[in-house]
Amino acid sequence: MMSCKGLGGEGSAAAAAALPHVLAVDDSSVDRAVISGILRSSKFRVTAVDSGKRALELLGSVCVIFLNLNLLLPFRLCASVLHVLPITFVLGLQEANVSMIITDYWMPEMTGYELLKKVKESSKLKGIPVVIMSSENVPTRITRCMEEGAEDFLLKPVQPSDVSRLCNRVLR
Amino acid sequence: MAAAMQLNTLMSNMFATGLLDDQFQQLQMLQDPSAPDFVAEVVTLFCEDGERIIGELAKLLDKPAVDFDKVDAFVHQLKGSSASVGAQRVKNTCIQFREFCQGKSRDGCLKTLDAVRNDFYDLRSKFQTMLQLEQQVQASFYPKQ
């Protein structure tokens, strides 16, 4: 399930789009709420998803529009209704345009490490900083993630001070 | 205002007895007019999550052959979410629980499940009181809602 906190009709779309957009990935509903709250209080737009798969769907921004159309139409019709795109913008749907990804390490199906690899392997996405969160302090795990191109590795429970320090560095 | 005093006493008690730790205070500080229900939301999610996990643990430990890896995975989840909300006592009991999982001790696990259940229900009932008192305090400040 995707919760697009911070997106929506309030204020002007331009003002909202000026805030950095962080994509948070965590299979725990509690941790998603906590990381979203921490990021929002630092004035970021946050989209929180529960898996690497959904994160990758969101990161392909054209798919965001398809995902939103899915709410209205059967999936197969989406391809044939591209002319509806102007309407989706009028409805206030925003591009993914992600400035940073913050992901849990240990998730079923796709770990944060696997998500990191996929992002760094993609010519379109590799410039997006990826931060890994984990409740376990495993030095080899941390090294492996940093070697794969992670921006940073945060130990859980994540605190507001960790995140604001990180974001100030990464999202000047 | 009686509700405000009761709330104060309750919170002091929860911190003093080690039920909650600093992480919870960090979350309280994130609540503001732009996110007025943040603490309630996180607390509610934690309670739902905890209830679900405890149910799964009871089922797994009831089987004739216990899959300790699965038990450990669920305890790990509960430990994670308790740490994230500052539920210190539940978190510490989960740490003990994982030791019994790793030692593949069914008795140890069952005993610790009881302890986790008690700690969790105690916390949950105090959280519920906390949320009710907060609503009363809010209502007294903003009577024309």
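User: How much space lies in the largest cavity?

Analyst: A quick note before we start: this is a predicted model. As for the idea, a cavity is a spot where a probe fits but cannot get out. Here, about 50 Å³ of space lies in the largest one, and a search of the whole structure turns up 2 cavities of 30 Å³ or more.

User: Which residues line the largest cavity?

Analyst: Look for A:Asp26, A:Asp31, A:Val34, A:Ile35, A:Met133, A:Lys156, A:Pro157, A:Val158 and B:Ser84. By class, that lining has 5 nonpolar, 1 polar and 3 charged residues. Helix H2 (residues 29-41) of chain A gives the most, with 3 residues.

User: How many residues of chain A are in contact with chain B?

Analyst: 17 residues of chain A are in contact with 19 residues of chain B. About 1400 Å² is buried between the two chains, and carbon and sulfur atoms give 59% of that. On the chain A side, A:Val30, A:Val34 and A:Pro157 lose the most area to chain B, together 31% of what that side buries. You've met A:Val34 and A:Pro157 already, in the lining of the largest cavity.

User: Now the sheet. What is the order of its strands?

Analyst: The general idea first: strands of a sheet pair through backbone hydrogen bonds, either parallel or antiparallel. In chain A, 5 strands make an open sheet in the order S2-S1-S3-S4-S5, with parallel pairing. Strands S2 (45-49) and S5 (152-155) of chain A are at the edges with a single partner strand each, so one side of each has no neighbour in the sheet. From one strand to the next, the twist averages 20°.

User: Which helices pack on the sheet?

Analyst: One is helix H3 (residues 52-59) of chain A, which touches S1, S2 and S3 of chain A. The direction of H3 makes about 155° with that of S1(A). Another is helix H8 (residues 139-147) of chain A, touching S4 and S5 of chain A, with its direction at about 150° to that of S5(A).

User: And pockets: which residues lie nearest the centre of the largest pocket?

Analyst: A pocket, unlike a cavity, is open. The largest pocket holds about 580 Å³ of space. Its lining has 26 residues, with A:Asp27, A:Trp106, B:Ala73, B:His76 and B:Gln77 nearest the centre. Helix H4 (68-85) of chain B gives the most to this lining, with 7 residues. The lining divides into 7 nonpolar, 8 polar and 11 charged residues.

Definitions and conventions: Residues numbered from 1 in each chain as written. Chains lettered and ligands numbered in written order. Predicted model: local features only at pLDDT ≥ 70, side-chain atom pairs only at ≥ 80, totals over all residues. Heavy atoms only, no water. Pairing = 2+ DSSP bridges. Helix = DSSP H or I, 4+ residues; strand = E, 2+ residues; numbered from the N terminus. Axes fitted to C-alpha atoms, helices over the stretch in contact; angles between N-to-C directions. Contact = heavy atoms within 4.5 Å. 1 Å grid on protein atoms, 1.4 Å probe; cavity = no way out; pocket = protein on both sides within 12 Å on 5 of 7 lines; lining within 4 Å. Points joined across faces, edges and corners; volume = space filled by probe spheres on them. Nonpolar A, V, L, I, M, F, W, Y, C, P; charged D, E, K, R; others polar. Buried area = accessible area lost by both parts, 1.4 Å probe.
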